[in-house]
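Here are some notes for a colleague who is opening this structure for the first time. Please read them with the model on screen, taking the points in order.

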Amino acid sequence: ARKIRQRRIMSFFQQITSRSENINSLLCVGLDPHRKELSVSDSATDEEVAAAALAFCKKIIDATHEYAVAYKPNAAFFECLGAKGHDTLLSVIRHIPEGIPVLLDCKRGDIGSTAAAYAVASYDKLEAHGVTLSPLMGYDSVEPFVTGDYAGKGGAFLLCKTSNPGSNELLSDCFEKIAGLAQEWSDRANSGTGSDVPCLGLVVGATDADALRRARAAAPNLWLLSPGVGAQGGDLDAACAAGLTKAGSGMLVPVSRGISRAEDHGVAAKELRDNINAARAKVVAASGEVSNAIEGFQTEFIQFALVQGVLKFGTFTLKSGRESPYFFNAGLFDSGAALFKLGKAYAASIMKSELAVGRGEVKFEVIFGPAYKGISLGAIVAAALYSDFGVDVGFAYNRKEAKDHGEGGKLVGADMKGKKVLVVDDVISAGTAIRESHEMLTKIEAIPVGVSIALDRAEKRALDDPVSAVQAVARDLNIPVVSIVGLKQLFGFLSSSGEFDASILEAVKAYRAQYGVD
């Protein structure tokens, strides 16, 4: 049976952001099956060349998927094979592992029904997640790829200042205008979706650091695709210094020949990933702006928590008597879609924490969900860890009252005796529920190794007590507590979103200054 890529849940650029953060990479692997690089004779038929192109691409994908944020197949090398080329390109895309976005490098640029047909061909027929486009015919040529059926799904990198020398003949005079328009067009396309995640990015060559710097200034929130490192002579350090955000993100570095012509594709990809990360580290160190950094999965979590009404900004009186500028009610994650997204956020936070020991490996064997909220939370987290990261662990929960029939007792699910256990709950207020769970687990000879929660309010238990409830649990039980977001990330989100009144930001800032902990 043929493999069909699953329907998109996140938009193209949400996938790019999430994938980049999850694997700590900015490498985009190009798939350019030049005929000269294929093991075929000059007299080979299109069918023979197509088979060689498929094998060529599969070999690269199999060796590099651990390091690739995205794959970028170049449509031209498949289209030149005629009808067989379309099927080969589709087979290549379907060979790319789920969870890795596909950027179809097709550089389309037309309007009206023609552009709409190109969008159908790219997304529906070839199952790509994003495309490259020429913007020179205006918004009309971009709109069909990011609105309508593809609103909140598709995405496009617009040619802005490309890496070839000939780009200076035209683009040098207009690339900054293109960058500014891309930001405007992205906002226009998103106006009907309510999303603030850009749907457009820019292609700006790594061979021109000055153009990268100016494009970044004109479009500070857009992802850049920066070809030219390696074969075309682009300086990686200079490109990263010019194109990355201060947090060391926002720019993909596509490499094709530097990987395809290497003796070992995987080794070459890893080396490129590591070199890019070294350049990123220099940018972050120079900026000094890491205190409020927020991960992609955290931004997505906050956004859908706001949509669900789980998170609200305003003035709220807490049980402690404090006047809080925000309120969080996890009980409003009350639909299948919300629980699905919630599970993914928990899983992402766990895999980014000290509870993960490597790709697809964690420090626990069973997830325990304390009754009652923890039962559903533990189940969705266990499922998300498996679906998103291939991590298969046991799941167990407790009842409030012992059952005297059936399996009996208070514990249900996976056996936890002698096993390393992660406790999952929504929040830690006083820490009572977590301490009770810890005591219960130790009594059955389970080994609690950590706690995972949705929100860490990160605030002092009292003005004369500098420790938060979460910190107290971690200290007293000697286990890490991992949260999807905390007060620091909420502040970072408010600072960068631009969607909230300044008074809300100031209220959270003041609350953090008065009650927050490090």
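What radius of gyration does the protein have, and what would a compact globule with 518 residues have?

1. Overall dimensions. The structure is a predicted model, and the points below should be read with that in mind. The protein has a radius of gyration of 25 Å, which agrees with the value near 24 Å that a compact globule with 518 residues would have. Taken along the principal axes, the box filled by the C-alpha atoms is roughly 75 × 50 × 40 Å.

2. Secondary structure and contacts. The chain forms 18 helices and 20 strands. When contacts between residues at least 6 apart in sequence are considered, 73% of them join residues at least 24 apart.

3. Surface and charge. Of the 518 residues, 52% count as buried, while the accessible surface comes to about 23,100 Å², with 50% of that area belonging to carbon and sulfur atoms. There are 55 positive and 61 negative side chains, and the centres of these two sets lie 2 Å apart.

4. Nonpolar cores. The largest nonpolar core has 94 residues, and those with the most contacts inside it are L27, F157, L158 and L202. Helix α2, which covers residues 46–64, gives the most to this core, with nine residues. Another core, of 49 residues, lies apart from it, and A305, A384, V391 and V393 are among its members.

5. Two residues with positive phi. Most residues other than glycine have a negative phi, and two places in this model deserve a look on that account. N24, in the loop between α1 (12–23) and β1 (27–31), has a phi near 55°. A458, found in the loop between β17 (447–456) and β18 (460–462), has a positive phi of about 50° although it is not a glycine.

6. A cis peptide bond. Most peptide bonds are trans. The bond from A371 to Y372, however, is cis, with omega near 5°. Y372 lies in the loop between β13 (366–369) and α14 (373–389).

7. Tyrosine 118. Y118 is part of helix α5, which covers residues 112–125, and, not counting residues up to four places away in sequence, Y118 touches R108, D110 and F145. The C-alpha atoms of Y118 and P144 are 8.7 Å apart in space, although these residues are 26 apart in sequence.

8. Leucine 171. L171 lies in the loop between β5 (156–161) and α7 (175–190), and it counts as buried because its relative accessibility is 11%. Leaving aside neighbours within four places in sequence, L171 is in contact with C160, K161, T162 and I178. Between L171 and R435 the separation is 264 residues in sequence and 63 Å in space, C-alpha to C-alpha.

Conventions: Residues numbered from 1 in each chain as written. Predicted model: local features only at pLDDT ≥ 70, side-chain atom pairs only at ≥ 80, totals over all residues. Heavy atoms only, no water. Helix = DSSP H or I, 4+ residues; strand = E, 2+ residues; numbered from the N terminus. Rg over C-alpha atoms; globule rule 2.2 N^0.38 Å. Buried < 20%, exposed > 50% of the residue type's maximum accessible area, 1.4 Å probe, protein only. Contact = heavy atoms within 4.5 Å. Areas by Shrake-Rupley, 256 points an atom, 1.4 Å probe, with all protein chains shown as cover. Lys, Arg positive; Asp, Glu negative; His and termini not counted. Charge placed at Lys NZ, Arg CZ, Asp CG, Glu CD. Core = buried A, V, L, I, M, F, W, Y, C linked by side-chain atoms within 4.5 Å.
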